[in-house]
Amino acid sequence: MSRVLPVLVLPGLCAGAALLVAGLFGNLQIGLLLAGGVALGAANGLLMESALARMTPEAPPARSSIVKGSLGRLGLITVIALAIAFFARPNGWLLLLGLALYQLLALASALGAAAKQARLG
């Protein structure tokens, strides 16, 4: 559970902020699309954490199964995101921006954890 928390907390706060700000400015669709992109990114993060939890050091999975699982997960997220973006025109591109925002948050979280680990030795 401790690895799942960073995947959800900061992105959830950002999605909530997007909804709040967009609602205050009177365009809730923009907030929903940004929050939806962040939510799709978080779903991808949760699926990835689930796949990592199933791996054991005793029986490492074959590289091909890891690649197939990753491509399938990313393909599904991409198809969903593009379909929503297409049907939510002209603002649908904001969903893709929300996905990119999630990736930046995930990268920042991973870099922070790596820096902390490097300091601790």
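Trainee: What pattern does the protein follow, read along the sequence?

Mentor: A helix or strand is a DSSP run, numbered from the N terminus, with helices (H or I) of at least four residues and strands (E) of at least two. Read along the sequence, the pattern here is α-α-α-α, which comes to 4 helices and 0 strands. This is a predicted model, where local features need pLDDT of at least 70, side-chain atom pairs count only at pLDDT 80 or more, and totals for chains, interfaces and linings use all residues. Residues are numbered from 1 along each chain as its sequence is written, and side-chain values use heavy atoms, with hydrogens and water left out.

Trainee: What does the C-alpha trace span along its principal axes?

Mentor: The trace spans about 55 × 35 × 20 Å.

Trainee: How many residues does helix α3 have, and how far does α3 reach?

Mentor: The expected span of a helix is 1.5 Å times one less than its number of residues. Helix α3, residues 63-87, has 25 residues and reaches 36 Å from its first C-alpha to its last, close to the 36 Å expected. Helix α2 has 27 residues and reaches 38 Å, close to the 39 Å expected.

Trainee: Which residues of α3 are buried?

Mentor: Buried means under 20% relative accessible area, exposed means over 50%, and partly exposed is in between, with a 1.4 Å probe and protein chains only. Of the 121 residues of the protein, 25% count as buried. In α3 the buried residues are R73, I77, A81 and A85. An α-helix has 3.6 residues a turn, so residues three or four places apart point the same way.

Trainee: Against which helices do the buried residues of α3 pack?

Mentor: Contact means heavy atoms within 4.5 Å. The buried residues of α3 pack against α2 (28-54) and α4 (93-120).

Trainee: At what angle do α3 and α4 pack?

Mentor: Axes are lines fitted to C-alpha atoms, for helices over the stretch in contact, and angles run from 0 to 180 degrees between N-to-C directions. The angle between α3 and α4 is about 145°, with their axes 7 Å apart. I77, A81, L82, I84 and A85 in α3 meet L95, L96 and L99 in α4. These residues divide into 8 nonpolar, no polar and no charged. Ala, Val, Leu, Ile, Met, Phe, Trp, Tyr, Cys and Pro count as nonpolar, Asp, Glu, Lys and Arg as charged, and the others, Gly among them, as polar.

Trainee: Is L40 buried or exposed?

Mentor: L40 counts as buried because its relative accessible area is 12%. L40 is found in helix α2. Leaving aside neighbours within four places in sequence, L40 is in contact with I77, I80, A81, L95 and L99. L40 and L95 are 55 residues apart in sequence and 8.9 Å apart in space, C-alpha to C-alpha.

Trainee: How is an aromatic pair read, and which residues form one here?

Mentor: A pair of aromatic rings is described by the distance of the centres and the angle of the planes. Rings of Phe, Tyr and Trp (its six-membered ring) pair if their centres lie within 6.5 Å; planes under 30 degrees apart count as stacked, over 60 as edge-to-face and the rest as tilted. The count by this rule is 1 aromatic pair. F86 and F87 form an edge-to-face pair, 5.2 Å centre to centre with 80° between the planes. F86 is partly exposed, at 44% relative accessibility, and F87 is exposed, at 69%.
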